[in-house]
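Dear colleague,

Here is the structure that I promised to pass on, and my notes on it follow below. Please keep it open while you read.

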Amino acid sequence: MTRRPGARELVRRVLDDGTWKSWDTPPLDVAEPGSAYAAELEAARERSGCDEAVITGEGRVRGSRVAFVVSEFGFLAGSIGLATAERIVAAVERATAEGLPLLAAPSSGGTRMQEGTAAFVQMARITAAVARHRDAGLPYLVYLRHPTTGGVFASWGSLGHVTAAEPGALIGFLGPRVYEGLYGEPFPPGVQVAENLAAKGLVDAVVGIDDLADVAAAVLSVVTARPVPPGAAETAPALVSGGTAWESIERSRRPDRPGVRDLLRFGAADVTPLSGTGQGEADPGLLLALARFGAMPCVLVGQDRRSQRSGHPIGPAGLRVARRGMNLAAELGLPLVTVVDTPGAVLSAEAEEGGLAGEIARCLADLITLPAPTLCLLMGEGTGGAALALLPADRVLAARHAWLSPLPPEGASLIVHRTTGRAAELAEAQGVRSSDLLRDGIADALVDERPDAAEEPEAFCRRAGLAVRDALAVLARTRDGDRLAARRERYRVLGRPPGPRVTGEGP
């Protein structure tokens with residue numbers, strides 16, 4: 001059986017050399033002298049080399065100062081008693097008071113049975129402390145180790161802004177030994193395993209211990225960054241000259257056209273992909289990540305053209321992933337970047353029953369009211385409600401051959417002309433091109449293609465990344481109140497023709 005590192009070894013392998021400073025004080029004395037439980041505690045101390053089931057303190061991860069809470073499974077299976085909870089809460093509250101990101105690395109069987117209900121309710125107490133930390137806008141990163149089960153997984157183990165897990169780790173609410181004892185059969189294999197939870201969107205990544213520092217450092221470089229580069233200039237809002245709507249539509253559908261993954265590869269840095277909703281849903285058509293464009297950090301929500309074209313059109317789960325990104329941006333005070341590139345949402349009975357229309361509506365409402373700065377990049381296809389769901393931002397950039405339409409042009413032609421043969425004509429009439437969007441105030445600036453992103457993928461993505469950086473810098477220099485007021489006004493009158501007010505309108 002593979003040996004799993006204890007708490008002190010984990011600290012040594014993750015934190016920068018010589019930076020660990022313990023915050024621990026002697027634990028509360030919770031056992032009656034001479035009792036069997038007192039003897040168990042003494043034996044646990046001798047066996048584990050720790051005085052409780054958790055150690056706390058601070059250190060640096062690739063130079064970034066963090067608070068660290070680490071379980072010691074060798075101390076009574078990492079179980080949480082009153083003294084353990086007291087130590088965890090004290091560490092979380094100190095991290096909050098000092099404005100530090102908090103990294104938690106649980107490994108625990110859950111509540112300490114020797115202390116019963118009083119220990120059980122400590123999970124709520126720890127959760128309250130973590131919630132206050134998050135409410136303060138401070139990052140909370142979780143690394144689930146083998147094993148993490150019971151109340152720990154059901155409380156502070158499941159509240160991370162970003163959650164990674166140790167390869168092969170057993171992670172679940174119900175311990176398999178308890179399940180087998182209660183029901184007389186083993187728990188289904190492969191369910192409570194880190195890799196399965198990552199595939200289901202319950203954890204963001206499976207990360208080896210020796211890779212954890214690099215992953216945490218990349219996350220911290222985004223979630224703790226607040227620089228605004230001086231003198232950044234937004235891309236000029238030039239109109240697209242020449243070319244028909246149908247030409248742009250055909251170019252946007254090229255299978256070799258770059259998408260959001262290429263944008264992150266060539267135009268961004270410190271990219272950390274996140275997986276799913278964190279609540280058991282994932283959608284390959286929707287990519288969620290933390291990233292930096294130049295010095296500007298952001299949460300990015302992007303529609304992945306390749307996944308959608310290979311059998312994974314965006315459904316309700318994808319929009320719930322997008323809303324997780326919106327919530328992350330709001331909690332962490334980071335700008336949100338959305339990337340629209342979709343042939344349309346999935347059309348199925350399952351999508352209807354899964355609440356597709358409601359999720360589109362909630363994305364729209366969340367974006368329009370989000371307190372964080374928002375930027376949308378129309379990168380390619382922009383079909384229907386799936387595109388609209390990620391559109392309403394403070395600023396909208398459009399690639400030269402991007403377009404936006406209520407339906408695929410062929411579908412619109414069927415509705416209006418009862419044939420798909422007039423799709424090109426109808427697309428022209430509907431004003432779907434980037435030049436039309438700029439003219440009508442739906443988009444604000446152009447990212448050029450020279451002449452086609454598919455023919456210069458790396459150069460185009462670098463240009464788009466610079467445009468995103470500059471637009472984020474403009475938004476960062478705008479006062480929050482002014483920016484939110486401008487967004488409200490933008491979406492109050494968007495697309496409305498100029499002229500006198502309709503009788504009965506308010507001032």
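Which residues of β4 are buried on one side and on the other? L102 and A104 are buried on one side, and L103 and A105 on the other, so that both faces of β4 are covered; buried here means under 20% relative accessible area, exposed means over 50%, and partly exposed lies in between, with a 1.4 Å probe and protein chains only.

Before the rest, two remarks on where this comes from. This is a predicted model, in which local features need pLDDT of at least 70 and side-chain atom pairs count only at pLDDT 80 or more, whereas totals for chains, interfaces and linings use all residues. Residues are numbered from 1 along each chain as its sequence is written, and side-chain values use heavy atoms, with hydrogens and water left out.

Seven strands form an open sheet of mixed pairing, in the order β1-β2-β3-β4-β5-β7-β9; helices (H or I, at least four residues) and strands (E, at least two) are DSSP runs numbered from the N terminus, and two strands pair if DSSP finds at least two bridges between them. Because β1 (21–22) and β9 (205–206) stand at the edges with a single partner strand each, one side of each is left without a neighbour in the sheet. Helix α1 (residues 7–14) packs on this sheet and touches β2 (54–61), β3 (64–71) and β4, its direction making about 160° with that of β3; contact means heavy atoms within 4.5 Å, and angles, from 0 to 180 degrees, are taken between N-to-C directions of lines fitted to C-alpha atoms, for helices over the stretch in contact.

Strand β4 (residues 102–105) pairs in the parallel sense with β5 (residues 140–144) over three bridges, and L103 stands opposite L141 in β5. Strands β3 and β4 also run parallel, joined by four bridges, and L102 in β4 is the bridge partner of A67.

Strands β10 and β11 (residues 286–293) run antiparallel and are joined by four bridges, with R292 in β11 as the bridge partner of A269.
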